[in-house]
Amino acid sequence: MDAGRHPNIELLDYSEVVEVNGYVGNFQARIKRKPRYIHSDLCTGCGLCTEACVLRGGKGKLMVPSEFDEGMGTRAAAYIPFAQAVPLKATIDPNSCLWLVKGKCSKKCEEVCGTNAIDFDMEESFLDIEIGSIVIATGYKMWDPAQIPDYGYGKSPNIITGLEFERLTNAGGPTAGEILTAEGKVPEKVVIVHCVGSRDERAHAYCSRFCCMYSLKQAHQIKEKTGAEVFSLYIDMRSFGKDYEEFYRRNREEGIQFIQGRPSQVTVDPESGKLFVDVEDIQLGQVMELEADMVLLATAIEPPENADQLASTFGLGRTPDGWFAEAHPKLRPVETASAGVFLAGCAQGPRDVPDSVAHAGAAASEVIQLFNQGVVTIAPTIAQVDEEKCVGCEECIHSCPYTAIWRNHAQKAEVNPALCQGCGTCAAACPSGAITALHFTDDEIVAQIDGLLKLAV
Amino acid sequence: MKKPFEPKVVAFLCNWCSYAGADNAGISRLQSPANILPIRVMCSGRVSAEMILRAFRAGADGVMVLGCHIGDCHYINANHRTVKRIPLLQKILGYTGINPERLILDWVSSAEAPKFARVTADFVDKIISLGPIKDELKVTHPATPVSLPVEEVVS
């Protein structure tokens, strides 16, 4: 909200970076601005277009499943994604709007709009900007629990993910904050399953870090709002942060039953619709079957689908689990291998809100530091071209992982010292020996080889 | 009694993974053979064919190139170059009369100290079984004509 109002921050909503060139302090980015069919500068966020949208079924109910409500609520084709959206502007969904899909609609929204903000002829446009540094804060996506059928996700509307439960318990959600089963009843028995897809080699080997805490919060809310019997099935309780362990203790005192063990399966009784969770309590060494009205799955998080494309646009490395790679796991957790490009939040790996805020703050101060200094310090181990020897074959240009080399006006290779990280791959690839990797020159390495082999082993 | 053959093996270790892995092996007190002569380079992609040939010419009985695992390279994908370069060189080594098995490429991350100890020990054993490179080069015979599958080399 504050970022949206800040005079020095320009928000480019509905946009995508398609191309980045240049180097630290001198990036050029090409940004695709997708059409929202509503002029942001004219829209006041009044919501009249949403009310006027003709896309309604019986009893005037809106027809498009709402992404924000995890498909549990509905929205119009002209809509504001959610009440606290930044910027608070309406948009028209081109995949459901009757006019945009079929070319047939009475376009009531256009009639009611007081500022004539609606423009169905809007097309995507491109914006070229010059920027000094980049922060990647692209976040995560929820892993789909249907990928492991044991959890029964999709077999019953009462087996829901933690995020779906968040909509149920939210006062602005589809049930106005009442925790109800799909049949509209208050649940009497609820089972919460931790580590669904996390710490599981069938899906993700890593710990998603924040699910333990939100599951505890949800257990507490269920207990408080419905008084239901709550079972929490966990592998290890990772309540690692400040005041977190205390909250876990409070949960236990409230009578929530914690069972250490990962369930083997969740089954649905076809007649009654009751859910049954099979689990072994490893502390008792006993296999048990829990009956439940509602099962909550604390699903893993994973990198978003377009992480591949982002990695190639911004020159980012990725760790084997798919998250963007930091320059050093302990000492440089916000920098990337590309100078001037920083990571914030879950783009780098799972972390909870306080950690994400701290990480983003660190990324911002890295940027401020760069801007204040106005100069960058680079390692001395970079590549250098001897123009006399260079024949301009471009072998080095193809070998460089950082696109730090280009062909200059003299048709010779030239290294951008701000981009070069000094791996020396170009020096090894150069057929004419024109490139020297400073401090790791051919002569130095050959002298080491000769010197070592002269020694008797 | 004849002194047992102690080969000289040059190992090119990348600064970020394998060199740190070797360091880690030392700290963990894992035994790795003293025959290994380590040379630190910033990236396994820095190791050119000339350096490897130079090592053989200077009397190395074997050469190892150890780098970061694919996808784990400190320099985004510089080790993809290594993957292309080393097998190509292995094919060419056969022509020069050097057994291609005297050159290996492997991945050792900084956390894989036991793997470092294992691959170095295995490679030294292999070189001992192959014998000194001098003996191999003494045998004068015309290079065996090997048909080089061009497509494979280009890819």
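**Close-ups of a predicted two-chain model**

View 1. Chain A splits into domain 1 (2-131), domain 2 (141-302), domain 3 (319-369) and domain 4 (383-454), with bounds that come from an automatic or database domain assignment. Keep in mind that this is a predicted model: local features need pLDDT of at least 70, side-chain atom pairs count only at pLDDT 80 or more, and totals for chains, interfaces and linings use all residues. Residues are numbered from 1 along each chain as its sequence is written, while chains are lettered from A and ligands numbered from 1 in the order in which they are written.

**View 2. Where domain 1 of chain A meets domain 2 of chain A.** The C-alpha centres of these two domains sit 34 Å apart. Five residues from domain 1 and six residues from domain 2 make the contact; two residues count as in contact if their C-beta atoms, placed from the backbone, lie within 7 Å. On the domain 1 side you'll find two nonpolar, one polar and two charged residues. Here Ala, Val, Leu, Ile, Met, Phe, Trp, Tyr, Cys and Pro are nonpolar, Asp, Glu, Lys and Arg are charged, and the others, Gly among them, are polar.

**View 3. Chain B against chain A.** Chain B brings 28 residues to this contact, and chain A brings 26. On the chain B side, β2 (36-41) and α2 (49-57) each supply at least two residues. Helices (H or I, at least four residues) and strands (E, at least two) are DSSP runs, numbered from the N terminus. That side of chain B divides into 15 nonpolar, seven polar and six charged residues.

**View 4. The open sheet of chain B.** Four strands line up in the order β2-β1-β3-β4, with parallel pairing; strands pair if DSSP finds at least two bridges between them. In general, strands of a sheet pair through backbone hydrogen bonds, either parallel or antiparallel. At the edges are β2 and β4 (103-107) of chain B, each pairing on one side only. From one strand to the next, the twist averages 20°.

**View 5. Zooming in on β1 of chain B.** Strand β1 (residues 9-14) of chain B pairs with β2(B) in the parallel sense over six bridges. Look for B:F12, which stands opposite B:I39 in β2(B). Helix α4 (residues 113-130) of chain B lies across β1, β2, β3 (62-67) and β4 of chain B, running at about 155° to β1(B). Axes are lines fitted to C-alpha atoms, for helices over the stretch in contact, and angles run from 0 to 180 degrees between N-to-C directions.
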